[in-house]
Amino acid sequence: MLCCMADPVVSWAEQLEPVLRFLNASVCSADDPLASVAACRFWLADRGHPAPPAGRADHALLLDLRGALRRIVVPADEAAQRLSQVAARCRVTPRFEPGLGGRCVWRLTAPAGTNRYAADLLTIVLRSMADGSWARLRICPGLDCGLVFLDTTRAGLRTWCSMSRCGNRAKQARWRAHQARERC
Ligand SMILES: [Zn+2]
């Protein structure tokens, strides 16, 4: 049986962790770990990727994929079209293999190099869109933040990446604005 869903024992957060790490790479550190071909090689090797990027084309593909995926967190026609164009450059094909309990599972695969990493990311994205978890991704509106996070609240109304990082800053800003109005 064809199965396009993620293994149910894998939580949404676990499933999306590699994608969130990829999308937030430049937000979480002062220097973008994908800023150069050399940095990108290190990033992939650090994740146990067997074939580091061959060169600038692969590096550019990863940067474009990151940009396209960040845009599609907030749905828009233009963002979907852009992601389709980047995905086409990944030259991915589906491969079917036996999974847990004998069920057939699929993954996207690509010839070699960076494309395999891109294929792994796209596999997670497609599974996430199929199981509904992609609709729970948000981009934090905090000042200078932009972190992509998974909203795991029951109501699905979480605004901030975290209260300690951005929620409290927003509260404090509102309080200061309130105090300033009081003084006027
Ligand atoms: Zn934030």
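**View 1**
Welcome to a protein chain with six helices and five strands. Starting at the N terminus, the elements follow one another as β-α-α-α-α-β-β-α-β-β-α. The C-alpha trace spans about 65 × 40 × 30 Å along its principal axes. Of the 184 residues, 22% count as buried. If you look at the contacts with a separation of 6 or more, 49% of them are between residues 24 or more positions apart.

As background, nonpolar side chains tend to be buried together in soluble globular proteins.

**View 1. Helix α3 and its buried face.**
Helix α3 takes in residues 56-73, 18 residues in total. From its first C-alpha to its last it reaches 26 Å, close to the 26 Å expected at 1.5 Å a residue. Its buried residues are Asp 58, His 59, Leu 61, Leu 62, Leu 65, Arg 66, Leu 69 and Ile 72. Looking down the axis of α3, you find these buried residues within an arc of 160°, so they line one face of the helix. What covers them includes α1 (12-23), α2 (37-46), α4 (77-89) and α5 (114-131).

Which residues of α2 are buried? They are Cys 40, Trp 43 and Leu 44. Down the axis of α2, its buried residues fall within an arc of 95°, so they line one face of the helix. These residues pack against α3 and α5. After the helix comes Gly 48, with a positive phi near 70°.

**View 2. Helix α4 and the loop that holds Arg 91.**
The 13 residues of α4 should span 18 Å at 1.5 Å a residue, and this agrees with the 19 Å between its end C-alpha atoms. Arg 91 follows α4 and sits in the loop between α4 and β2 (93-98). Its phi is near 50°, a positive value in a residue other than glycine. For context, most residues other than glycine have a negative phi. Arg 91 counts as partly exposed because it has 13 C-beta neighbours inside 10 Å.

**View 3. Asp 144, in a loop between two strands.**
The loop shown here lies between β4 (137-139) and β5. Although Asp 144 is not a glycine, its phi is positive, about 55°. Is Asp 144 buried or exposed? With 7 C-beta neighbours inside 10 Å, Asp 144 counts as exposed.

**View 4. Thr 109 in strand β3.**
Thr 109 belongs to strand β3, which covers residues 104-109. This residue has 16 C-beta neighbours inside 10 Å and therefore counts as partly exposed. Leaving aside neighbours within four places in sequence, Thr 109 is in contact with Val 92, Thr 93, Arg 95, Arg 116 and Ala 119. Phe 96 is 13 residues away along the chain, and its C-alpha atom is separated from that of Thr 109 by 10.0 Å.

**View 5. Confidence along the chain, with a close look at residues 1-9.**
The chain has a mean pLDDT of 85, and 91% of its residues reach 70 or more. Among the elements, β5 has the highest mean pLDDT (95), and strand β1 (residues 2-3) the lowest (33). Over residues 1-9 pLDDT stays under 50, and the model has 17 contacts beyond four places in sequence for them. A friendly word of caution for this view: where pLDDT is low, the predicted coordinates should not be read in detail.

Conventions
Residues are numbered from 1 along each chain as its sequence is written. This is a predicted model: local features need pLDDT of at least 70, side-chain atom pairs count only at pLDDT 80 or more; totals for chains, interfaces and linings use all residues. Helices (H or I, at least four residues) and strands (E, at least two) are DSSP runs, numbered from the N terminus. The expected span of a helix is 1.5 Å times one less than its number of residues. A residue is buried if 20 or more other C-beta atoms lie within 10 Å of its own, exposed if 12 or fewer, and partly exposed in between; C-beta atoms are placed from the backbone. The arc is that of the directions from the helix axis to the C-beta atoms. Two residues are in contact if their C-beta atoms, placed from the backbone, lie within 7 Å. pLDDT is the predictor's confidence in each residue, from 0 to 100.
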